[in-house]
Amino acid sequence: MAIAVQGVTKLYGEQKALDNVSFVVKTGEIVGFLGPNGAGKSTMMKIITGFIPASSGSVFINGIEVSGGNTEIRKKIGYLPENNPLYPEMYVKEYLWFAATLYKTGKVTADRIENIIETTGLTLEKKKKIGSLSKGYRQRVGLAQALVHDPDILILDEPTTGLDPNQIVEIRNLIKEAGKEKTILLSTHIMQEVEAICSKVIIIDKGVIVADEEKSNIYSKLKHPGQIIDVEFDREASESGLRNIAGVIKVQQVKRDHWIIEASGEDDIRPLIFAFAVKNQLTVLALKKNESNLEDVFRHLTNR
């Protein structure tokens, strides 16, 4: 296991930021670590990286326990914190050399620095001062810093916060590419990001893990998995007639000729809705099945 968190609790005075948290991230996985603001995500990431200690419990990286004085563990981890602290007066290439030397891994060469600069799309910016860069490029510098010493594990805390849609896609692609060789724990509020690149999802709320599932299984956490059908006719339909369709448990009229239908079970009821339309001489203008998404699961589990 690349990361093993066992019964971690973190107290700030009487406030419990983390409550007996346990989970595992396997080697080679990209795991989405989700939760509302204040749920304990950043605290957990700081404990994993050894920046702050747990009040109780243990964290293991590749089988070795994390402790504040264990600098060897930190060589195996690349960490991009949420606020991405950088030195604005330093030049990009200069900063990456400086960051690389702190790890003392013996892996850093001029070729390695150039390769990371190219990989993170910083070639044209490498001779510029960090303070003159856009936020998107500063995020690239932060990601380059996390990668420069060739760590086994990447811990990324909100890496795309505040970026525009184009920048988000660029950083997401960089993370996805890095995930081909590294284990990644990714904290984000962008559900599409998790759905696009993660194989597993962990959701934390109020310091407690409320879901720890493969992405393909996470939708089973919804209370009413069923199906939601969005249908539009050429004119108003009978609400009672729609309710009488087999499997229908709820009908909502959006507009005079537009309905949202909730049904139980896994059997697709769209053929039954179409048959209802034919029987009642209605023309179906639109008929689609709305799939549950990660945002639905997140809202359901965190009650937000």
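Strand β3 (residues 30-34) and strand β8 (residues 183-187) pair in the parallel sense over four bridges; strands pair if DSSP finds at least two bridges between them. Strands (E, at least two residues) and helices (H or I, at least four) are DSSP runs, numbered from the N terminus. This is a predicted model, in which local features need pLDDT of at least 70 and side-chain atom pairs count only at pLDDT 80 or more, while totals for chains, interfaces and linings use all residues. Residues are numbered from 1 along each chain as its sequence is written, and side-chain values use heavy atoms, with hydrogens and water left out.

**Strand β3 and its partners**
- Four bridges also join β3 to strand β9 (residues 200-205), and these two strands run parallel.
- Phe33 stands opposite Ser187 in β8 and opposite Ile202 in β9.
- Five of the five residues of β3 are buried, so the strand is largely enclosed by the rest of the structure. Buried means under 20% relative accessible area, exposed means over 50%, and partly exposed lies in between (1.4 Å probe, protein chains only).
- Ile30, Gly32 and Leu34 cover one side of β3, with Val31 and Phe33 on the other, and all are buried.

**Aromatic pairs**
- Rings of Phe, Tyr and Trp (its six-membered ring) pair if their centres lie within 6.5 Å; planes under 30 degrees apart are stacked, over 60 edge-to-face, and the rest tilted.
- The count by this rule comes to five aromatic pairs.
- One of them is the tilted pair of Phe23 and Phe33, at 5.6 Å centre to centre and 40 degrees between the planes.
- This pair links distant parts of the chain, since Phe23 is in strand β2 (residues 15-25) and Phe33 in β3, 10 residues apart.
- Phe23 is buried at 3% relative accessible area, and Phe33 is buried at 0%.
- The ring centres of Tyr87 and Tyr95 are 6.2 Å apart and their planes are at 55 degrees, so this pair is tilted.
- Tyr87 is partly exposed at 40% relative accessibility, whereas Tyr95 is buried at 6%.
- Ring pairs link Tyr87, Tyr95 and Phe98 into a cluster.

**Charges over rings**
- A charge sits over a ring if NZ of Lys or CZ of Arg is within 6 Å of the ring centre and within 35 degrees of the ring normal.
- Lys10 lies over the face of Tyr12, at 5.3 Å from the ring centre.
- Arg74 lies over the face of Phe51, at 5.2 Å from the ring centre.
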